[in-house]
Structure formats: structure tokens, C-alpha cells
Amino acid sequence: MHTGMRQGPEIWLRPPVTGPGTGRPEAAHDRAAARRFSWVGTHGGAGVSTLAAVYGGHDSGRNWPGAGAPPSVLLVARTHAAGLDTVAGAVEVFRRGQAPPELDLDAVVLVADAPGRMPRPLAQRVKALESVIDVYRVPWVPAWRLGELGRPPRETEALARLTGVAR
């Protein structure tokens, strides 16, 4: 039966928005015990080491997680055009089944490449990415440039819940 909607593997079907205040039950990962993740940068300077330090998990750099590292992957990129290109390519690698079979792509984490609003063409590309995978955004954090990692920014509450970091 053709319904006009294309369906792909379950990993590519976005769940409904859930949680407090939405009128829907919380997602399982919101109330489950914290999972460990491997942060994988899709380009140099994506912010993998900083995210691993702030949110916990394994810093894989720009490599696939090795033996003993958590198989749950969070792909990381900056929000500039080159970063969005590389993360879209990495998502496609998972979609085609070309990533190591023991790995699971959980989400994409986009780290702001500059303070302020994202230009419209880049925002449209992020929206397209959000239509195929869960995307968590991390704002520009001036203190991180100084090595002051501290607590996660308030705007990343959903990512903090996913990774189990208490605010």
C-alpha cells in the first residue's frame, strides 16, 4: 500500500516530540539511566574533546570508536557550511550501512561556529538534517574558549538529559 510517505530503516524515523509540557509522555532516554556515548568529530575543530569533558563519554576524535569504547555514536560538527557538509556525509555513511556494524548512530550534535544567529542558508540545512536524525545544538560558549568548561549551558538541557549530566 502506498501512502505517499517514504519509510526507511527505523533509525531514520524521528520519534514524536515528547517530554514535560508537550502533553506527550517522556521519551525513554529522558528517564533511563545515562548511557555512555562515543563522540565522533566529522571534521577537525568540531569540539569533540570539549563535549566529552563537559558531558562525559568517550572522545573518539575523528575516528570510529575502537574496541572497548561505547558503540553509541554522537556525531559532532560545527554549524558552518563545511561542518554541515561533513556531518551530512557521515549520516549518509550510517544510512547506507557503511559504518562499522557494531556502531549505532544516536544523534548529531551541532556546535555553534560563532555567536549570534545562524545565517538562513545554514539554518535551512540544519532543518533538513533534523528531518532525518535527532539533532542537538550547542550554543557559542565564550568561557569554553578560555578552558572554563564547568556545567553545560542551559540551552543544552536535552543533550544533558541524553548524556546523563546533571545541571
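Me: Which residues touch the most other members of the largest nonpolar core?
Reply: Of its 21 residues, those are Trp-39, Leu-51, Tyr-55, Val-76, Val-109 and Leu-159. A nonpolar core here is a set of buried Ala, Val, Leu, Ile, Met, Phe, Trp, Tyr and Cys residues joined through side-chain atoms within 4.5 Å. Buried means under 20% relative accessible area, exposed over 50%, and partly exposed in between, with a 1.4 Å probe and protein chains only.

Me: Which helix gives the most to this core?
Reply: Helix 2 does, with five residues. Helices (H or I, at least four residues) and strands (E, at least two) are DSSP runs, numbered from the N terminus.

Me: Good to know. Where does the model come from?
Reply: This is a predicted model, where local features need pLDDT of at least 70 and side-chain atom pairs count only at pLDDT 80 or more, while totals for chains, interfaces and linings use all residues. Residues are numbered from 1 along each chain as its sequence is written, and side-chain values use heavy atoms, leaving out hydrogens and water.

Me: Back to Val-76, what is it in contact with?
Reply: Leaving aside neighbours within four places in sequence, Val-76 is in contact with Trp-39, Val-40, Gly-41, Thr-42, Ala-46, Val-48, Leu-51, Val-109 and Val-111. Contact means heavy atoms within 4.5 Å.

Me: New topic: which residues of helix 4 are buried?
Reply: In helix 4 (residues 120–130), Leu-122, Val-126 and Leu-129 are buried. Seen down the helix axis, the buried residues fall within an arc of 55°, so they line one face of helix 4. That arc is taken from the directions from the helix axis to the C-beta atoms.

Me: And which are exposed on the other side?
Reply: Arg-120, Pro-121, Gln-124 and Lys-127 are exposed there.

Me: What covers the buried residues of helix 4?
Reply: The cover includes helix 3 (81–95), strand 4 (104–111) and strand 5 (135–138).

Me: Is Thr-163 buried or exposed?
Reply: Thr-163 counts as buried because its relative accessibility is 8%. Thr-163 is found in helix 6, and a polar atom of its side chain lies 3.4 Å from the backbone oxygen of Ala-160.

Me: Zooming out, how many helices and strands does the protein have?
Reply: There are six helices and five strands. Along the sequence, they follow the pattern α-β-α-β-β-α-β-α-β-α-α.

Me: What share of the protein is buried?
Reply: Of its 167 residues, 37% count as buried.

Conventions:
Polar contact = N/O pair within 3.5 Å; in protein donor to acceptor, adjacent residues only side chain to side chain.
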